[in-house]
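Thanks for making time, everyone. Have a look at it first.

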Amino acid sequence: MVSLLLTACFGSPSSVPEDRFYTLKVSAAEKVTRKYKRIAINKVYAYGLYNERALLYASAELPLQIKRYHYHHWVMPPTKLIQHALSDYLSQSNIAQDVVVQRIGSDKDLSIVVQLLAFERMLQPEKQSVRVELEFTVRQENGAVHVFNYTQNTTTEKNTLHSAAEAYGVALVVIFKSFLADLDRMG
């Protein structure tokens, strides 16, 4: 009798939702001519929901209303995923002899701070996409400051969260490639 009551209250074990975790896959950078000795990537900042691990979405009809998926999370906060992906991307590009994360000290040519401004899946009747917006603040050794803002909307191949996670990686590569070109022009 007790097991029947418990089953009625809590459902069967198969009805318990399962948490799912996603990571980013960012393709390798193209090689460029080395311009810098050391680049330090400082903290990636985000506010509110963008600082949480839950995947986010908005509908095309109400694009200003951002919601979170239940049971679908990033393996780390997006700020950490982006910081590590940017570090790997810039290291692969060969733009600097050394790319470090959150290094304090004055032995660097460039210091980069990133702000995550948008990171959500956009739901539309005919297609799904992801929207990523990042702002990079670059401080040079001589005190000069440059600010770069990039927004990328990338359509998903399928209407699944796995496909959305893949699209986030594609969107970040487009942004990172543009940022790398801007760093290359600065040097």
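Helices here are DSSP runs of H or I with at least four residues, strands are E runs of at least two, and both are numbered from the N terminus. With that in hand, Ser87 lies in helix α2, residues 78–93. I'll come back to Ser87.

Ground rules next. This is a predicted model, so local features need pLDDT of at least 70 and side-chain atom pairs count only at pLDDT 80 or more, while totals for chains, interfaces and linings use all residues. Residues are numbered from 1 along each chain as its sequence is written, and side-chain values use heavy atoms, with hydrogens and water left out.

Now the layout. The chain has three helices and eight strands. From the N terminus, the order is α-β-β-β-β-α-β-β-β-β-α. For contact, read heavy atoms within 4.5 Å. Take the contacts with a separation of 6 or more: 69% of them join residues 24 or more positions apart.

Accessible areas come from Shrake-Rupley with a 1.4 Å probe, and for residues only the protein chains shown count as cover. The accessible surface is about 10500 Å². Carbon and sulfur atoms hold 53% of that surface. Buried means under 20% relative accessible area, exposed means over 50%, and partly exposed is in between, with a 1.4 Å probe and protein chains only. On that scale, 43% of the 187 residues are buried.

Which residues have the most contacts inside the largest nonpolar core? They are Ile39, Leu90, Leu134, Phe136, Phe176 and Phe179, in a core of 50 residues. Helix α3, residues 161–186, gives the most to this core, with 13 residues. A nonpolar core, by the way, is a set of buried Ala, Val, Leu, Ile, Met, Phe, Trp, Tyr and Cys residues joined through side-chain atoms within 4.5 Å. Look at Phe176. Beyond its neighbours within four places in sequence, Phe176 is in contact with Val26, Ile82, Ala85, Leu86, Tyr89, Leu134 and Phe136.

Next, empty space. Rolling a probe the size of a water molecule over the atoms shows where empty space is left. The set-up is a 1 Å grid over the protein atoms alone. A cavity is a set of points where a 1.4 Å probe fits but cannot get out. A pocket is an open set with protein on both sides within 12 Å along at least five of seven lines. Lining residues have an atom within 4 Å of a point. Points are joined across faces, edges and corners, and a volume is the space filled by probe spheres set on the points.

How many cavities of 30 Å³ or more does the whole structure have? One. The largest cavity comes to about 40 Å³. Its lining includes Tyr50, Glu52, Trp74, Pro78, Leu116 and Phe119. Strand β3, residues 54–59, gives the most to that lining, with three residues. The cavity lining splits into nine nonpolar, no polar and one charged. In that count, Ala, Val, Leu, Ile, Met, Phe, Trp, Tyr, Cys and Pro are nonpolar, Asp, Glu, Lys and Arg are charged, and the others, Gly among them, are polar.

The largest pocket has a volume of about 300 Å³. Its lining has 18 residues, and Lys25, Ala165, Glu166, Ala167 and Val170 lie nearest its centre. Helix α3 gives the most here, with eight residues. The pocket lining divides into seven nonpolar, eight polar and three charged.

Now single residues. Pro78 is in helix α2. Pro78 counts as buried because its relative accessibility is 3%. Leaving out residues up to four places away, Pro78 touches Tyr50, Glu52, Arg53, Leu116 and Phe119. Pro78 and Leu24 are 54 residues apart in sequence, yet 9.1 Å apart C-alpha to C-alpha.

Back to Ser87. Ser87 is buried, at 9% relative accessible area. With residues up to four places away set aside, Ser87 touches Ile41, Val99 and Val101.

Last, backbone angles. Most residues other than glycine have a negative phi. Tyr71 has a positive phi of about 75° and is not a glycine. Tyr71 sits in strand β4, residues 67–74, and is partly exposed at 39%. Asn94 also has a positive phi of about 75°. Asn94 is in the loop between α2 and β5, partly exposed at 27%.
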